[in-house]
Amino acid sequence: SEEAIPFVTMVQHVMPGTSAAEFHRQMEGQAFTLVDFYAQWCGPCKMIAPQVDQLAMLHPHITFLKVDVDQCPDVSAASSIAAMPTFILYARGREMSRVTGADPAKVRQLLQQATSMSASAPQPMSYGAPSAMPAMGGARVYMGAPTTM
């Protein structure tokens with residue numbers, strides 16, 4: 001018998017009952033967050049969900065969150081959600097733009113906006129893992145100390 005391969009998604013669900021303050025604190029540490037405000041009973045939300053999962057896998061540098069408006073009314077009210085689905089792009093917890101409706105092309109435009117903004121911003125140096133680009137003289141920076149390759 002064939003064993004089913006589990007589907008892994010990069011989209012995180014916001015816990016029911018999360019307060020607006022907790023929600024915004026969670027996003028402040030993220031460069032970019034795309035939030036999908038949805039409802040279980042919403043047909044267009046169900047229709048676009050697989051495409052959002054796919055976009056999350058294609059954009060690992062962006063945090064993807066899903067907020068069930070019925071389970072997180074405080075977050076929904078603070079975000080002025082009037083229709084589902086609504087997608088909001090945040091940069092460090094600040095709203096940058098939003099799309100209302102199940103329009104994959106417009107959601108992709110939000111992601112392109114984040115990608116172009118991150119490409120133009122100076123990138124912080126990472127000390128926790130080897131750099132993808134060799135540093136001076138073919139060495140890589142790892143844990144703050146150069147090592148040769």
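**Note on the predicted model**

1. Among contacts in the protein chain between residues at least 6 apart in sequence, 65% join residues at least 24 apart. A contact means heavy atoms within 4.5 Å. Of the 149 residues of the protein chain, 36% count as buried. Buried means under 20% relative accessible area, exposed means over 50%, and partly exposed lies in between (1.4 Å probe, protein chains only).

2. Ground rules. This is a predicted model, in which local features need pLDDT of at least 70 and side-chain atom pairs count only at pLDDT 80 or more, while totals for chains, interfaces and linings use all residues. Residues are numbered from 1 along each chain as its sequence is written, and side-chain values use heavy atoms, with hydrogens and water left out.

3. Confidence. pLDDT is the predictor's confidence in each residue, from 0 to 100. Its mean over the protein chain is 79. In the chain, 73% of residues reach 70 or more. Residues 122–149 are another matter: pLDDT stays under 50 there. For that stretch the model has 26 contacts beyond four places in sequence. Where pLDDT is low, the predicted coordinates should not be read in detail.

4. Element order. The protein chain has four helices and seven strands. Helices (H or I, at least four residues) and strands (E, at least two) are DSSP runs, numbered from the N terminus. Read from that end, the order is β-α-β-α-β-α-β-β-α-β-β.

5. How many salt bridges does the model hold? The count is two. The rule asks for a side-chain nitrogen of Lys or Arg within 4 Å of a carboxyl oxygen of Asp or Glu. Lys 66 is in strand 3 (residues 63–68) and Asp 36 in strand 2 (residues 32–38), so the pair ties together parts that are 30 residues apart in sequence. Are Lys 66 and Asp 36 buried or exposed? Both are buried. Lys 66 also lies over the face of Tyr 38, 4.5 Å from the ring centre. For a charge to sit over a ring, NZ of Lys or CZ of Arg must be within 6 Å of the ring centre and within 35 degrees of the ring normal.

6. The other salt bridge. Arg 98 pairs with Glu 95 in a salt bridge, with the closest N and O atoms 2.9 Å apart. Arg 98 has 31% relative accessibility, so Arg 98 counts as partly exposed. Glu 95 is at 39%, and therefore also counts as partly exposed.

7. Rings of Phe, Tyr and Trp (its six-membered ring) pair if their centres lie within 6.5 Å; planes under 30 degrees apart count as stacked, over 60 as edge-to-face and the rest as tilted. The ring centres of Phe 23 and Phe 37 are 6.3 Å apart with planes at 65 degrees, so this pair is edge-to-face. Phe 23 lies in helix 1 (residues 20–28) and Phe 37 in strand 2, so the pair ties together parts that are 14 residues apart in sequence. Phe 23 and Tyr 90 also pair edge-to-face, at 6.2 Å centre to centre and 85 degrees between the planes. This pair links distant parts of the chain: Phe 23 in helix 1 and Tyr 90 in strand 4 (residues 86–91) are 67 residues apart. Ring pairs link Phe 23, Phe 37 and Tyr 90 into a cluster. Phe 23 and Phe 37 are buried, and so is Tyr 90.

8. Cysteines. The model has one disulfide, defined as a pair of cysteine sulfur atoms within 2.5 Å. Which residues form the disulfide? Cys 42 and Cys 45 do, with their sulfur atoms 2.4 Å apart. The link of Cys 42 and Cys 45 is right-handed, with 80 degrees about the S-S bond. Cys 42 and Cys 45 are buried. Cys 72 is at 1% relative accessibility, so Cys 72 counts as buried.

9. Backbone points to check. The peptide bond from Met 84 to Pro 85 is cis, with omega near -5 degrees. Pro 85 lies in the loop between helix 3 (73–78) and strand 4. Ser 80 lies in the loop between helix 3 and strand 4. Ser 80 is not a glycine, yet has a positive phi of about 55 degrees. Ser 80 is exposed, with a relative accessible area of 55%. Arg 92 has a positive phi too, near 50 degrees. Arg 92 lies in the loop between strand 4 and strand 5 (94–100), and at 49% relative accessibility counts as partly exposed.
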